[in-house]
Amino acid sequence: SLQTLESSQSLVGTKTRRRSMAGKLWKATTAVTLSFLPILEWLPRYSIRDNLVSDMVGGFTVGIMHVPQGIAYASLAGVRPVIGLYTSLLAPLFYMIFGTSRHISIGVFAVVSLMCGACNVRVTDAFFASSSFNYTEDEMSEAKLDYAVHVLSGLGFVIGLIQISMGLLRLDFLIGFLSDQVVNGFMVGASFHVLVAQLDKLLGVTLPRRGGIGKLFMTLYDVFQSVIDVEINLYTLALSISAIIFLFAIKTFVDPSVKRITPLPVPYDLFLLILGTILSTVFDFNGTLRMKIIGKIPTGLPSISPPDLTVVPHIIGDAAAISVVILVVSISMAKVFAKKHKYEINIRQEFFALGLVESLGSFFPVWPSSTALARTLVYEAAGTKTQLATVFSSSLLLAVLFFVGPYLELLPVCLLSCVIVVALKGMFMKLGDIPSLWRVSRIDAVIFVMTLSCTISLNVIEGLACGAAVSIIHILLASKRGGFTELEHPQENREKRPIKVLRYDGSLYFMNIEEFSCTLRDYAKLLNNE
């Protein structure tokens, strides 16, 4: 019947609409999943023939760099050396799943490690100062190293939440307030703190832990006092000077010739550490010369445990500053190489990716990670094509953790500091850019120098805050200084008077609207009086 036919057609139409809605929902869900998990998009299309060899070479090359840097930068964060290896292993693996850049190298980074270490020292010292533990000096040192992992795991969790929240709230525009001059001035200033933090290890002395404003100068005072009191270990000092001269000379004079022969970077730092370990084992540096060694490195993988959230009230400010530094450094480097290799990165997804790297990492004994500038340059120069290179760098770190770690236990600590000091050369070279920056833009040069000075004289987080404040003030004043330009108009009005056209060069907002109105009224009065 007609009614039955209409009913059947209606049912078919309903089913068709449902299929269409289901199809749209599936496509939308797939698109969201692929945007949130970029690995599901690029891995199925991975070209073994075009990319595998390049990714293997790049991955193993950077993996070799991860080993000395992971062990060395642990002293900046105030934790045991093996924690640096865990950080170098896990952070890149998490980023490979969520990140969109093919070339940035996530892992330990000197400036971020220093900022984490400053937070760790402050919170750890306050915790033990308020507790009634009866420890010997050695037991207290071990207890602080154990508690440091709790502090840094909580710090990483909060940093991850901040970065994810910024992505959800679309606050990526805030990063624009930190100009290149602020970032560079801060990085160079923080490098001075990194350098000073290595002096006690280079000299073989034990210094009190310092924190707060003026930390750099207090540490220098302690160093000079130990030199005056002749507390330094001359054997450690001699080895440190020799190692720094060796690394500096070979990287400055020999490495350019080597690069003309092979594009692959030579791991001079790793060679130094291997040689130092052999000499320390043969001549018993720790026993006969009283040199400090890194000590026991446990084998295997770390256990999973939830982050310690009891420290959260004490680390909010540090977490906010560190999260911004990680975002600025990582995203700026990702943009550079994406433009060079003609692919796109998703800025908002990078906020989520970096936040997930930190928050997921907080369930392991690691400290917050970031993009390392020098390591990223090597990563790209080695020919890396995709994120799959992370698999090969992580496999090398796994081999170190399972098999090689115990052989590094006799490595002198001073050699790790030598690796850090020589690695700062590139940062200090930026000081030579100040004269050229002054010729191009005096205000940019002033911002660079002010950020640098505040970071050195105050502390790293305070220096970053001062630099950001100066940059924001400059942006507001520059946008407020919009000016009028008078343009000629070929026509006349009804009163046979020339038409005046004014162009306002600037943006209108609450800070300059009053000045804009007053200037416009004054100009109108001037025209009426003519």
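**Overview of the protein chain.** Helices (H or I, at least four residues) and strands (E, at least two) are DSSP runs, numbered from the N terminus. By that rule, the protein chain has 23 helices and four strands. This is a predicted model: local features need pLDDT of at least 70, side-chain atom pairs count only at pLDDT 80 or more, and totals for chains, interfaces and linings use all residues. Residues are numbered from 1 along each chain as its sequence is written, and side-chain values use heavy atoms, with hydrogens and water left out.

Of its 530 residues, 44% count as buried (under 20% relative accessible area, 1.4 Å probe, protein chains only). Contact means heavy atoms within 4.5 Å. Take the contacts between residues at least 6 apart in sequence: 82% join residues at least 24 apart.

Thr61 counts as buried because its relative accessibility is 11%. A polar atom of the Thr61 side chain lies 2.6 Å from the backbone oxygen of Val57. This pair is judged as a polar contact (N or O atoms within 3.5 Å, one able to donate a hydrogen and the other to accept it). Residues up to four places away in sequence aside, Thr61 touches Leu264, Pro265, Val378 and Ala382.

Relative accessibility is 5% at Gln349, so the residue counts as buried. The Gln349 side chain reaches the backbone oxygen of Phe98 at 2.9 Å. Phe98 is also among the contacts of Gln349 beyond four places in sequence, together with Ser35, Phe36, Pro38 and Thr100.

Methods: Buried < 20%, exposed > 50% of the residue type's maximum accessible area, 1.4 Å probe, protein only.
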